[in-house]
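Please view the sequence and the coordinates alongside the text.

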Amino acid sequence: MQLGLIGLGKMGGNMAERLRLGGHQVVGFDYDAGAVARLSASGNAGVPSLEELAEKLEGRKAIWIMVPQGKPVDETIAKLEPLLNPGDILIDGGNSNYKDTMRRSKEVAAKGLHLVDVGTSGGVWGLKEGYSMMIGGDREPVEHLRPIFETLAPAADKGWGHVGPGGAGHFVKMVHNGIEYGLMQAYAEGFTILEKKEEFGLNLPQVAEIWRYGSVVRSWLLDLTAEALAGNPTLDGLQAYVVDSGEGRWTVFEAIDLNVSAPVITESVIRRIRSREENNFTDRMLAIMRKEFGGHAVKAN
């Protein structure tokens with residue numbers, strides 16, 4: 001099966017390679033000419049423009065978009081629409097806000113096209129392990145794309161599924177990422193408690209390895225954590241600065257809208273924001289208040 005792919009970064013490039021190995025042909029475009037050249041060198045077809053990408057796709061066109069959420073998605077769809085025929089399929093595999101996806105689904109449907117939203121998890125490991133895909137959209141185009149999903153997934157019948165109408169795939173992926181924030185925060189706090197218990201001289205890589213087998217906290221995230229600690233047990237050279245790409249925040253907003261208590265996910269998002277504040281004003285305020293009401297000592301720069 002042919003697939004157009006826009007966005008040949010690390011994840012997009014790995015997806016193209018997994019599809020090639022599965023017997024599919026990818027026609028790919030990226031504004032980075034080097035990424036296009038690498039795609040062609042791997043055995044797929046890299047093209048220099050969206051127009052040529054559409055021309056090379058035969059029959060019913062299916063184009064997977066892997067670009068940053070927001071305006072880049074809208075701009076890409078707008079450029080593709082004149083190049084497509086009724087019944088063709090656009091796939092948004094990025095981390096778009098599900099509300100944007102619902103709007104886009106209606107807009108492209110009015111022009112005779114389909115939009116399938118695929119919340120995609122797997123990161124840089126997807127080429128080897130396969131991708132988890134949470135899929136939203138009309139059933140017919142999703143079924144048409146089944147060979148693609150079965151190839152990208154960890155197994156043909158595992159790790160992917162059609163979860164609902166347009167926007168549902170990105171909604172499920174949003175909550176998935178919110179849960180991920182909470183899991184990461186819990187692991188980080190636990191290992192910090194171990195690291196601070198100096199009298200035991202705990203070997204964090206060893207503890208991580210013990211927990212990987214038989215423990216109720218074992219997970220693929222713990223596997224990756226163990227690997228990271230083995231390479232750098234004291235985290236030397238790393239800055240305590242953690243970014244967030246939006247999905248955690250959106251999950252918190254949705255929880256508030258739905259009157260769902262989600263303190264773990266909420267706090268994990270706040271902790272990420274806190275990590276970016278150098279000598280933050282909040283903590284200095286806490287210190288000065290303790291001094292004023294209790295005479296507690298404060299530390300000066």
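The model is predicted. In total, 19 salt bridges are present in the structure.

**Network**
- A network of salt bridges links Asp 74, Asp 92, Asp 100, Arg 103, Arg 104 and Glu 107.

**Lys 197 and Glu 199**
- Lys 197 and Glu 199 form a salt bridge in which the closest N and O atoms are 3.0 Å apart.
- Glu 199 counts as exposed because its relative accessibility is 63%, and the cut-off for that class is over 50%.

**Glu 209 and Arg 212**
- A salt bridge joins Arg 212 to Glu 209, with 3.1 Å between the closest N and O atoms.
- Arg 212 is partly exposed, at 22% relative accessibility.
- Glu 209 is likewise classed as partly exposed, with a relative accessibility of 34%.

**Asp 244 and Arg 249**
- The side chains of Asp 244 and Arg 249 form a salt bridge with an N to O distance of 3.0 Å.
- Asp 244 has a relative accessible area of 17% and is therefore buried, since the buried class lies under 20%.
- Arg 249, in contrast, counts as partly exposed at 33% relative accessibility.

How values were computed. Residues are numbered from 1 along each chain as its sequence is written. This is a predicted model: local features need pLDDT of at least 70, side-chain atom pairs count only at pLDDT 80 or more; totals for chains, interfaces and linings use all residues. Side-chain values use heavy atoms; hydrogens and water are left out. A salt bridge is a side-chain nitrogen of Lys or Arg within 4 Å of a carboxyl oxygen of Asp or Glu. Buried means under 20% relative accessible area, exposed over 50%, partly exposed in between (1.4 Å probe, protein chains only).
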